[in-house]
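Visitor: Please show me how to read a few features of a model like this one. I would like to begin with a helix and then turn to aromatic pairs.

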Amino acid sequence: MELKATSPRTSADTWGGAAGDGVVNLIDTRDVADAARVALLDDAHPTAQRAYHLTGPRAVSMAEVAEEISNLFGRTVTYQQRSPAEQHEKLLASGLNEFVVDLLVGLDRLFYDSAVAETTSTVENLTGHAPRSAAGWLSENISKFQK
């Protein structure tokens, strides 16, 4: 996603996809690492085989992500809704290969269907701290979205 610090509003103030109004529960990789450390070092049950369902603190839509980026930039940034076919063509035109395009459009479908929207308390139960929010991650990494 490229969101340039330009004014007035330009096409660089948008990004898009086929996620529709669906929501996704994004998780910070640091929370995944923190939970993995605890799970891997757990000596209370060394032979137990467990699967942990890790999530962030709440599901968000791409429109909410755009709103948060807008707040951080101090100008309006929008998420452009596309059909899966439009998104497929847009990604191919950007130079991505067919395999990666299919993966990304598939992720959008999961988001569209809110298939990964569930919220769990697993990160907090394992680590003792609440998972980091998408808004917090954006705030810490907003410079990555500027040129």
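Guide: Start with burial: buried means under 20% relative accessible area, exposed over 50%, and partly exposed in between, using a 1.4 Å probe and protein chains only. In helix α2, the residues M62, V65, A66, I69, S70 and F73 are buried. Helices (H or I, at least four residues) and strands (E, at least two) are DSSP runs, numbered from the N terminus. The model is a predicted one, where local features need pLDDT of at least 70, side-chain atom pairs count only at pLDDT 80 or more, and totals for chains, interfaces and linings use all residues. Residues are numbered from 1 along each chain as its sequence is written, and side-chain values use heavy atoms, leaving out hydrogens and water.

Visitor: What covers the buried residues of α2?

Guide: Contact means heavy atoms within 4.5 Å. The cover includes strands β1, β2 (23-24), β3 (60-61) and β4, with helices α4 (98-112) and α6 (134-141). Just after α2, G74 takes a positive phi of about 75 degrees.

Visitor: How many aromatic pairs are there?

Guide: A pair of aromatic rings is described by the distance of the centres and the angle of the planes. Rings of Phe, Tyr and Trp (its six-membered ring) pair if their centres lie within 6.5 Å; planes under 30 degrees apart count as stacked, over 60 as edge-to-face and the rest as tilted. By this rule there are 2 aromatic pairs. W15 and Y79 are edge-to-face because their ring centres are 5.1 Å apart and their planes stand at 70 degrees. This pair links distant parts of the chain, with W15 in strand β1 (residues 14-17) and Y79 in strand β4 (residues 78-81), 64 residues apart. Both W15 and Y79 are buried. W137 and F145 also form an edge-to-face pair, at 6.1 Å centre to centre and 80 degrees between the planes.

Visitor: Are W137 and F145 buried or partly exposed?

Guide: W137 has 32% relative accessibility, so this residue counts as partly exposed. F145, with a relative accessible area of 10%, is buried.
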